[in-house]
Amino acid sequence: MAKVTIVLPSYNHQDFINDRLESISKQTYTDWEVIIIDDKSTDNSCEIIVDFLKKHPHFNVKHFITNKENSGSGYKSWQKGIELAETEYVWIAETDDFCEPEFLENLVAILEHSQETVLAFCGSNYIENNKIIYNSENRTQELAIKKDKYRIIDNSVFFNRMPFNTFITNGSSVVFRKPKCIIPSEIFNNRLCSDIFLWSYLLQNNSFAFLNKNLNFFRRHEGSTSSFLQKNKLETVYHEKAKYLNYFKQTGKYKYFIDHYIRYYIWTHKKDFLNTSSIQSIQSEENLRRLYFYKLIQYFISKLLQK
């Protein structure tokens, strides 16, 4: 049996999927098998995959699943792939991203060396129009790890930053140990934030590792989640992060949630200032609504005084 399952959640990435398949094929670590799940792509993604597999007979495919109907969320493919995996480690390799040949070799070695570590991730370069535009350094510099080095880190460091400022910017940068029990389905029910639910679920009683080496390439394009968030209202994100606070019982962050909601959503969507649905998602009691309006007035006054 292979040591690593690579889950490929495919959907309408015909322009990028060959780069992903090539980057897997070139991995220096070779003890892996692949589960491909196409979520009823409407482009030529499946045809490109089939053609690649014909040309690369060594490419170890355990399952190639094509959904009859679109699931509505790529995270459903994550869930199905993890459930089907029979290996010790899992890597969710998004089909619009790619990586360096030594990606798996580096991250699997870390997990093999530390049995208490449940996931390892590396730095990422952000790609747009085939050019590196920036990297994930700003997100991880607080960890104070020297270039090309790694460290095992207590899970409390991760949870202190959640849910608004995760260290992990892209799921493709993570290799994790498959849990012995089935992951609850509600972890994957969020349209935009199921990744942070998954990392947090895995890390509840375990440490993590960060390798300060940019082995992952996170592609930004018209259909990517990061582009979607820039062009659409962020209210859904706040609803899902409210669910996160409830699920992981982070009740001490309710006030911080309200401050963040006012500063980063309401202030740029002032016509929605009466919308307290996100606040009520974390707690329906009247006292949080009163606190929201009190803090909203405070923030508006502070902005007026700055003018």
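**Close-up views of a predicted model**

**View 1. Helices α7 and α9 pack against each other in this predicted model.** Helix α7 (residues 194–202) and helix α9 (residues 235–247) meet at an angle of about 15 degrees, and their axes lie 11 Å apart. Angles under 35 degrees count as roughly parallel, so α7 and α9 are roughly parallel to each other. The crossing of α7 with α9 is right-handed. On the α7 side, the contact is made by Ile196, Phe197, Ser200 and Tyr201; α9 brings Glu240, Lys241, Lys243, Tyr244 and Tyr247. What kinds of residues make up this contact of α7 with α9? They divide into 5 nonpolar, 1 polar and 3 charged.

**View 2. Strand β4 pairs with strands β1 and β9.** Let's start with β1 (residues 4–10), which runs parallel to β4 and is joined to it by 4 bridges. Here, Val4 has Tyr89 of β4 as its bridge partner. With β9 (residues 174–177), β4 pairs in the antiparallel sense over 3 bridges. Look for Tyr89 again: its bridge partner in β9 is Arg177.

**View 3. The side chains of β4 point two ways.** In a regular strand, side chains alternate between the two faces of the sheet. Within β4 (residues 89–92), Tyr89 and Trp91 point one way, while Val90 and Ile92 point the other way. Are these four residues buried or exposed? Tyr89, Val90, Trp91 and Ile92 are all buried.

**View 4. Gly74 sits in helix α3.** This helix covers residues 74–84. Gly74 has a relative accessibility of 44%, so it counts as partly exposed. From Gly74 to Gln27 is 47 residues in sequence and 24 Å in space, C-alpha to C-alpha.

How values were computed. Residues are numbered from 1 along each chain as its sequence is written. This is a predicted model: local features need pLDDT of at least 70, side-chain atom pairs count only at pLDDT 80 or more; totals for chains, interfaces and linings use all residues. Side-chain values use heavy atoms; hydrogens and water are left out. Buried means under 20% relative accessible area, exposed over 50%, partly exposed in between (1.4 Å probe, protein chains only). Helices (H or I, at least four residues) and strands (E, at least two) are DSSP runs, numbered from the N terminus. Two strands pair if DSSP finds at least two bridges between them. Axes are lines fitted to C-alpha atoms, for helices over the stretch in contact, and angles run from 0 to 180 degrees between N-to-C directions. Angles under 35 degrees count as roughly parallel, over 145 as roughly antiparallel, 65 to 115 as roughly perpendicular and the rest as oblique. A crossing is left-handed if the near helix is turned anticlockwise from the far one by less than a right angle, and right-handed if clockwise. Contact means heavy atoms within 4.5 Å. Ala, Val, Leu, Ile, Met, Phe, Trp, Tyr, Cys and Pro count as nonpolar, Asp, Glu, Lys and Arg as charged, and the others, Gly among them, as polar.
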